[in-house]
Amino acid sequence: MTSTCNRLLARLKASLAYAQEIDLITPEQNPARGFRQFREPPHRDRFLSREEAQRLIIEVSASGSPMLKFIIPFLLVTGARKSEAIHAEWQHVDFNNRTWM
């Protein structure tokens, strides 16, 4: 919940800072001035259980997306993040050692 509030506060502050930049409001009129974000608990990594992963693959296979049934199992097997997979290049693949760097 605190992370959601912090994200909303950050967006509000950015919007009001822009309003200041274009002279719609003065710094003294900025209602977000002085607000600080909440302290957030340490981030917790969560992994899918075997059963969750199997259900996900079944649902993805039944979806209408022609590529999703290949992408999701790839991400599950490699443990890659979406952005890592998107930016992967063939030069990162070592075929001799069967690794992706």
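Guide: A crossing is left-handed if the near helix is turned anticlockwise from the far one by less than a right angle, and right-handed if clockwise. Helices are DSSP runs of H or I with at least four residues, numbered from the N terminus. This is a predicted model, in which local features need pLDDT of at least 70, side-chain atom pairs count only at pLDDT 80 or more, and totals for chains, interfaces and linings use all residues. Residues are numbered from 1 along each chain as its sequence is written, and side-chain values use heavy atoms, with hydrogens and water left out.

Visitor: Which crossing does helix 2 make with helix 3, left-handed or right-handed?

Guide: The crossing of helix 2 past helix 3 is right-handed.

Visitor: How many salt bridges are there?

Guide: There are three, each a side-chain nitrogen of Lys or Arg within 4 Å of a carboxyl oxygen of Asp or Glu. One of them joins Arg-7 and Glu-40, with the closest N and O atoms 3.2 Å apart. Arg-7 belongs to helix 1 and Glu-40 to the loop between helix 1 and helix 2, so the pair ties together parts that are 33 residues apart in sequence.

Visitor: And Arg-46, which partner does it have?

Guide: Arg-46 pairs with Glu-52, the closest N and O atoms being 2.7 Å apart.

Visitor: Are those two buried or exposed?

Guide: Arg-46 is exposed at 52% relative accessible area, whereas Glu-52 is partly exposed at 22%. Buried means under 20%, exposed over 50%, and partly exposed in between, using a 1.4 Å probe and protein chains only.

Conventions
Helices (H or I, at least four residues) and strands (E, at least two) are DSSP runs, numbered from the N terminus.
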